[in-house]
Amino acid sequence: NTLPACLLLALLLLAPALLAQQERGLIFNLDTGELCLQSAQCKSGCCHRVDGLSLARCAPKAAESQECSPKVGARLCQGWARVGHGPHAALSPCSLQSLYGVYYKCPCESGLTCDVDKTIVGSITNTDFGVCKDPHESRRR
C-alpha cells in the first residue's frame, strides 16, 4: 500500500517540474525575436545582432547556403591548442572567441558546417563569416 502512495506522491511532485521545462523563461529558453545577451539564452542557440549598436535578439540558426559564423569553440581552436599554455594563454584566439555570446551571423543548423576562411583578426573581432554547407554534398561530387 505504501508503494503506490509514494509513487503517486512522486508523480504529483514531479509534474509541475516537468511542465515548467516546457514553458518559455524570462532569462533562458527564449523564442526567436526575443531580446538576449548570450546565445545560451535562446532556444535556437543563436543570439544575433545586425550591427554593434543594435539590440541582440534570438534568431534561427543559418540554413544551407546562408551566411554563417563558425560555432564558438569549434574547429577554430584546433590549430591553437598548443598556444594556450603559460601566462599568455588568455590571449589565444580560442579564449577570446569563447567570450562572444552574440553573433552577427548565426551558426549553421545541425548537420551543416560553416565553410569559412578563418583569420586571427576575424576570430578576435567576430567577423569571420562563411556559408553553411552540407559536408556530405562535397563527398558525392
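**Rings and bridges**

Reply: Happy to! A search of the whole structure turns up zero aromatic pairs, meaning rings of Phe, Tyr and Trp (its six-membered ring) with centres within 6.5 Å. This is a predicted model, where local features need pLDDT of at least 70, side-chain atom pairs count only at pLDDT 80 or more, and totals for chains, interfaces and linings use all residues. Residues are numbered from 1 along each chain as its sequence is written, and side-chain values use heavy atoms, leaving out hydrogens and water.

Me: OK, and how many disulfides does the structure hold?

Reply: Five, each a pair of cysteine sulfur atoms within 2.5 Å.

Me: Which cysteine is joined to cysteine 68?

Reply: Cysteine 114, with an S to S distance of 2.0 Å. The two are 46 residues apart, cysteine 68 in strand β3 and cysteine 114 in strand β4 (strands are DSSP runs of E, at least two residues, numbered from the N terminus).

Me: Is cysteine 68 buried or exposed?

Reply: Buried, because its relative accessibility is 0%; buried means under 20% relative accessible area and exposed over 50%, with partly exposed in between (1.4 Å probe, protein chains only).

Me: What about the disulfide of cysteine 108 and cysteine 132, right-handed or left-handed?

Reply: The torsion about that S-S bond is about -105°, so the disulfide is left-handed. Both cysteine 108 and cysteine 132 are buried.

Me: New topic: is leucine 26 buried or exposed?

Reply: Leucine 26 is exposed, at 80% relative accessible area.

Definitions and conventions: Phe/Tyr/Trp six-rings, centres within 6.5 Å; stacked < 30°, edge-to-face > 60°. Helix = DSSP H or I, 4+ residues; strand = E, 2+ residues; numbered from the N terminus.
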